[in-house]
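This briefing sets out selected features of the structure shown below. The points are grouped by topic.

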Amino acid sequence: MSDSSLIDSLAAAVEARPDDLPLRLHLAELLVAAGRGPEAIGHAAQVLAREPGNTAAQKLMTAALGGAVSSSEEAAGGHAAVEEADAAYESSEKPPTQGDGIDWAAMEEDLGDIVPPRFARADDEAEPVRGHGDRVFDVETATITLADVGGMEEVKKRLEIAFLAPLRNPKLRTLFGKSLRGGLLLYGPPGCGKTFLARAVAGEMGASFISLSITDVLNMWVGSSERNLHDLFQSARSHAPCVLFLDEIDALGHKRSQLNSSSMRTVVNQLLTELDGVDGNNDGVFVLAATNAPWDIDSALRRPGRLDRTVLVLPPDKPARAAILQYHLRDRPVAGIDLGKVADATEHYSGADLAHVCETAAEFAMRDSIATGEIRMISQHDMLTAARDVRPSTDGWFATARNVAMFANESGEYDDLAAYLKKRKIR
Amino acid sequence: MAESVTDAFHRAHRLAEVGRYADAERVVRDGLALEPASGQLLSVLAWVLRLRRDYPAALAAADAAIAADPSLADAHAERAETLIGLLRASDAVESAREAARLAPLRPAGHLVLARALSAAHRRDQARTAAAHGLRLDPSSVEGLLTVAEVEREAGHREEAAAAARAVLAIDPANSYGRWLIAMLDAERLKVRRSMRALRDVARDNPIRTDVLAMTWPIRGVLSGFRRGLPLGAFITVALALAAVRWSLVGDFARLLSLVVAFVLIGFGLRVLVPAGRLPWRCLRLVPRLTRRATIAGLVTAGVAVTLLIAYAVSTGWILALLALLLSAPMWIFGLLELVGAGLEDPGYLSAWWRKFRSNR
């Protein structure tokens, strides 16, 4: 029996028994093996929709997506995610004439003088991109991906479902009528890796990364925030696909009812205009925002089409804590440290707190070494003593969050937070 | 790093406005590194430190601002605001007077003077100063809020409510205006409306939730019991003792005891039932000492009322006497409630520490 007829028979069987996931997975496997990746995507996606943790389906999806990319695109970038995202745009948003036969690398080279480069090269240093006038926006290429984020499986899953999966699956997106408009808001206690996650998302997509915070606005833009914010978005648009990261969005997009100065209100108004993309097409610009205080954000910013998806980034879980501790101990003299036990002793600690624990433990060992004149390693005892000395800095945030869950969750926007607080018996 | 004093001034203002007090303080200090004797920047530093509730540091900064530029009205006004926070009302009045003297046509000085006078319990003068400040800028939200606050302190609820409503007509989302109206409703025992308004304010400003204010029905009931119970129990005990000689008075004493008990219970139900669960949920969030004192007060009040009922259905006058004696712990618990709330306020803590040092 040829591959093709086997696939046809299996496809008929899957059609007859749509809930038989192993059968569907087998069909997807055969399709990938036969080089029919695009057809496999739908099957793998259906398996993943029911079993998001199915590793076989995940691998098949990756393989299917990889196969869907043309060789010319591979030559151009090397990042599968970028190419897939790009392909997604080309297929869904751009005219059909921009088909598979185009050599993007060659075209980029040809038009290099006319249009800005679509992708920043990974091997280059961050290239400052000049907007109008003398303003400089640092466009980076994020080299980290979600695989570099230790633990935090729940958050990664949420990011995948809410953001990355629709982006990578144009067919599914079309099937479910899902728009790519809108941005994602990461919120949670300070020091828990929201910025790192944002970079990882950009890296996952192979997209450029531009970061903006209130300090930038105040440092560069007093008096001309409207024009500069517009230029920043334009810069992001010209570098599409690009992740525009708005750090401390509670300050940039503070509730206008609480602002007295007109200049700060102007920043919020302009941010709303740019997010809506009234003046420019926001296709390929993915807005990620992070905040410790989502309750201070102007409600208009959280309406559909703007920052309409939220992900709660909690203090790292046990595997993440172990990974963070290991990272901070990597260049220090350690002996006999049981990371699992230290991770157990540091529940509810933020990433920054864990760094502080390692620093304190190193101080203990160094102090003894100076006192005795004999170098000694950082021990498990040092780590546990340091963990007792350093108190989690997230407690204050959760005390505030308790009020939020209690009084400001009528619409259910903080259900995740309320559930977590209930689990920790903070309410 | 700030490029100029004006630059630092504006940046710090904007950062403080969006709640970035630490960043604002850093920007001001950067600016002060460029020009250490800038009265304007020192004044902003005092303001930022006061917002961070570091009153002693804010006072030091305000003093430095005045030393740098004695003619700066803002510095004197800021010093007065800080002194109010530190419960040094008479010193605050002096500073506020100086601020008003230096800039007589600016409402800010008169308004801070009104608040300082109100804190010093000089209510009529406070009302005059507030009215004068408001006349200088009749549509000023700050002016109207000060008038509302001062009138409320003076016990003029209607005037206070009118001023607060005028604030909401200009700025419907104004949290303090809404909070003031809710508290005025509370004072008039419009329980449901007051709790609803407080809940709305908390919903819009969850991080600045005044959980203590939201427990007012419980604390209000206790306050009523603290006043009503000793009086009722005292008369009952007096009548009970008189009944030793005139037996007819004994029946009257028991009847009175029952009436007092039911009036107190009725008052409690009148306030607590419409308030719903919210005050009880908020009670868990108030400072520990306040919470424990409130719960202890409630238990004591419950026991005292039970003793009064028990006296009414029996003849043991000792029960009424015990009810009367329980008034003392109720007042102690009331005091502890206040101390517990004060422990959370750096201004109170600082004032207590100052008092302790001056007594030594």
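A residue is called buried if 20 or more other C-beta atoms lie within 10 Å of its own, exposed if 12 or fewer, and partly exposed in between. By that criterion, buried residues account for 41% of the 427 residues in chain A. The model is predicted, and the predictor assigns the complex an ipTM of 0.75 and a pTM of 0.71.

**Confidence**

- The mean pLDDT of chain B is 91, and 99% of the residues of chain B reach 70 or more.
- Where pLDDT is low, the predicted coordinates should not be read in detail.

**Overall make-up of chain A**

- Chain A contains 20 helices and seven strands.
- Of the contacts in chain A between residues at least 6 apart in sequence, 70% link residues at least 24 apart.

- Strand S5 (residues 242-246) of chain A is largely enclosed by the rest of the structure, because five of its five residues are buried.
- Both faces of S5(A) are covered, with Cys242(A), Leu244(A) and Leu246(A) buried on one side and Val243(A) and Phe245(A) buried on the other.
- In a regular strand the side chains alternate between the two faces of the sheet.
- Strand S4 (residues 208-212) of chain A runs parallel to S5(A), and five bridges join the two. Within this pairing, Ser208(A) stands opposite Cys242(A).
- S5(A) is also joined by five bridges to strand S6 (residues 285-291) of chain A, again in parallel. Here Leu246(A) is placed opposite Ala289(A) of S6(A).
- S4(A) is mostly covered as well, with five of its five residues buried.

**Loop residues of chain A**

- Glu248(A) belongs to the loop between S5 and helix H13 (249-252) of chain A. Its phi is near 50°, a positive value in a residue other than glycine.
- Glu248(A) is classed as buried because 23 other C-beta atoms lie within 10 Å.
- Leu314(A) lies in the loop between strand S7 (309-312) and helix H15 (318-328) of chain A.
- Why does Leu314(A) count as buried? Leu314(A) has 21 C-beta neighbours inside 10 Å, and the cut-off is 20 or more.
- Apart from neighbours within four places in sequence, Leu314(A) is in contact with Gly188(A), Cys192(A) and Tyr420(A).
- The C-alpha atoms of Leu314(A) and Ser411(A) are separated by 21 Å, and the two residues are 97 residues apart along the chain.

- Helix H14 (residues 216-242) of chain B consists of 27 residues and reaches 38 Å from its first C-alpha to its last, close to the 39 Å expected at 1.5 Å a residue.
- H14(B) bends by about 25° at Gly228(B), and a proline, Pro230(B), follows within four residues.
- Helix H17 (residues 288-313) of chain B has 26 residues, and its reach of 38 Å from first C-alpha to last is close to the 38 Å expected at 1.5 Å a residue.
- Buried residues of H17(B) include Thr290(B), Ala293(B), Thr294(B), Gly297(B), Thr300(B), Ala301(B), Ala304(B) and Leu308(B).
- An α-helix has 3.6 residues a turn, so residues three or four places apart point the same way.
- The cover over the buried residues of H17(B) includes H14, helix H15 (247-275), helix H16 (278-283), helix H18 (317-325) and helix H19 (327-343) of chain B.

**A loop residue of chain B**

- Arg53(B) occupies the loop between helix H3 (39-51) and helix H4 (55-68) of chain B. Although Arg53(B) is not a glycine, its phi is positive, at about 65°.
- Arg53(B) is partly exposed, because it has 13 other C-beta atoms within 10 Å.

**Contact between the chains**

- The contact draws on 17 residues from chain B and 20 residues from chain A.
- On the side of chain B that touches chain A, helix H1 (5-17) and helix H12 (191-204) of chain B each supply at least two residues.
- H1(B) provides the largest share of that side, six residues.
- By class, that side of chain B has six nonpolar, four polar and seven charged residues.

Methods
Residues numbered from 1 in each chain as written. Chains lettered and ligands numbered in written order. Predicted model: local features only at pLDDT ≥ 70, side-chain atom pairs only at ≥ 80, totals over all residues. Contact = placed C-beta atoms within 7 Å. Nonpolar A, V, L, I, M, F, W, Y, C, P; charged D, E, K, R; others polar. Expected span 1.5 Å × (residues − 1). Bend = angle between axes of the 7 residues up to and from the residue. Pairing = 2+ DSSP bridges. pLDDT = per-residue confidence, 0-100.
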